[in-house]
Amino acid sequence: MANWLTWLTGRPPAEAKASATGPLIALQFHGEPRWTPRDYASLAREGYERNAVAYRCARMIAEAAASVPWLLYDGAREIDTHPLLDLLRRPNPRGSGPELMEAWYGFLQVAGNAYLEAVAFDGEVRELHVLRPDRMKVVPATDGWAAAYDYTVAGRTVRFAQDARPLPPILHMALFHPTDDHYGFSPIEAAQTAIDIHNAASRWNKALLDNSAQPSGALVYAGANGTTHLSQEQFERLKRELEEAYQGAVNAGRPMLLEGGLDWKAMGLSPKDMDFIDAKHVAAREIALAFGVPPMLLGIPGDNTFANYQEANRTFWRQTVLPLVAKSAEAIGAWLAPAWDGSLRLSFDADRIAALSSEREALWSRLGAAEFLTEDEKRAAVGYGPMAARRAAGPEPRA
């Protein structure tokens, strides 16, 4: 076929650029839909719903990232008003932009995957919706990457083909996973062992409180004629009476009445045996580490990594929140920009983040004292255009 085309047109056929390894991925999965390969419900339940540390970490990251304002550029020029900005501010009739992005970032923390659906009408994107990751599955194409996405609810499935115009209906962003080609790896999954330890310690402490913070003791039976065993009926009766009359926080400290032949041997726990607080703090620090949240911000004692709360907060924004926002801005901007003309680029406004105000003040002070720099060089260092461009264009362009 290639030789025939060369003879007919006088030139070799155009080459198609594609990954040489993609078809191997498609061959592995035979083009069949792939569910998320982890028990998302268990991760969400044990991590987000039943663990205060993981819950707080996920909420802190999602709320902080969703509060960062968007910026839109056409080439190097900042655009103040545009339908894309309006769409991000009000993505659908039932929610606001921060609510949409909080769900987006929250799903990334819990599932490692986040999905946005674009609803287009007459070639114009009208709405954006966040879809639940546990209901979504990837349908690989022959090149190994997603050709479609299946969304299943109550036994009914909707397929989103990714060849739609003006843009694919689904944006899938996944956190890096070293052993999966299609799905991401969540912080909750990385912290699963620490979460289990933290939850187990909480349940153990709850059980101790229910039993007066001690294993009570042992009833020793010494009957007549050296008998040391109760009959099955006596054992069941004694067990039932103990559970009904002496177990639980309500009955803590209640005197016990013993019949003939029964002797009480107290067995208390040592303070070291009862101290699960240190174990919980160690597990809590590991959970915070997996999410990238400084333990100091969570009120976990024993962490002296940062000199003060403000330093820990700046580290949280710089190392955890802003990289996630930058990745999302790049992905969402590249996904939505083809729906409008021009070379649109979505970014974010770090200058309006209160936690980083001290960094900006320090930068401005250093630039103000730098006499070897011109005024335009100082403006360029903080992301502003030259003075001449400002007078000509009006509004301040920001980089």
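These notebook entries record what I looked up in the structure.

**Entry 1. The model and its conventions**

I note that this is a predicted model, in which local features need pLDDT of at least 70 and side-chain atom pairs count only at pLDDT 80 or more, while totals for chains, interfaces and linings use all residues. Residues are numbered from 1 along each chain as its sequence is written, and side-chain values use heavy atoms, with hydrogens and water left out.

**Entry 2. The chain as a whole**

I found 15 helices and eleven strands in the chain. Helices (H or I, at least four residues) and strands (E, at least two) are DSSP runs, numbered from the N terminus. Of the 399 residues, 38% count as buried; buried means under 20% relative accessible area, exposed over 50%, and partly exposed in between, with a 1.4 Å probe and protein chains only. I also looked at contacts (heavy atoms within 4.5 Å). Among those between residues at least 6 apart in sequence, 63% join residues at least 24 apart.

**Entry 3. The sheet S2-S1-S11**

I looked up an open sheet of three strands, ordered S2-S1-S11 with antiparallel pairing. Strand S2 (77-79) and strand S11 (344-348) stand at the edges with a single partner strand each, so one side of each has no neighbour in the sheet. On average, neighbouring strands of this sheet are turned by 40° against each other, direction ignored. Two strands pair if DSSP finds at least two bridges between them. Strand S1 (residues 70-74) is joined to S11 by five bridges, and the two run antiparallel. One of the residues I checked was Leu72, whose bridge partner in S11 is Leu346.

**Entry 4. Helix H12**

I then turned to what lies across this sheet. H12 lies across S1 and S11 and runs at about 160° to S11. For such angles, axes are lines fitted to C-alpha atoms, for helices over the stretch in contact, and the angles run from 0 to 180 degrees between N-to-C directions. Helix H12 (residues 309-336) has 28 residues and reaches 38 Å from its first C-alpha to its last, close to the expected 40 Å. The expected span of a helix is 1.5 Å times one less than its number of residues. I found a kink of about 35° at Val321 in H12, shortly before the proline Pro323; the bend at a residue is the angle between axes fitted to the seven residues ending there and the seven starting there. At the start of H12, a side-chain oxygen of Asn308 comes to within 3.2 Å of the backbone nitrogen of Gln310.

**Entry 5. Helix H4**

Helix H4 (residues 52-66) has 15 residues, which should span 21 Å, and its end C-alpha atoms are 21 Å apart, which agrees. I listed its buried residues, among them Val53, Cys57, Met60 and Ile61. Asn51 caps the N-terminal end of H4, with a side-chain oxygen 3.1 Å from the backbone nitrogen of Val53.

**Entry 6. The sheet S5-S6-S7**

A further open sheet of three strands has the order S5-S6-S7, again with antiparallel pairing. Its edge strands are S5 (136-140) and S7 (156-161), each pairing on one side only. The twist averages 25° from one strand to the next. Strand S6 (residues 146-153) and S7 pair over six bridges in the antiparallel sense. I checked two positions across this pair: Asp150 has Arg159 in S7 as its bridge partner, and Val153 stands opposite Arg156 in S7.

Which residue takes a positive phi in the hairpin of S6 and S7? I found that Ala154 does so, near 55°, in a hairpin with two residues between the strands. Ala154 is not a glycine, and its place is in the loop between S6 and S7. With a relative accessible area of 79%, Ala154 is exposed.

**Entry 7. Two single residues**

Is Asp180 buried or exposed? I read a relative accessible area of 15%, so Asp180 is buried. Asp180 has its place in the loop between strand S8 (170-174) and helix H7 (187-190). The side chain of Asp180 reaches the backbone nitrogen of Tyr183 at 2.9 Å.

Last, I looked up Gln192, which is found in helix H8 (residues 192-210). Gln192 counts as partly exposed at 38% relative accessibility. The C-alpha atoms of Gln192 and Gly47 are separated by 7.3 Å, although the two residues are 145 residues apart along the chain.

Note on methods: Polar contact = N/O pair within 3.5 Å; in protein donor to acceptor, adjacent residues only side chain to side chain.
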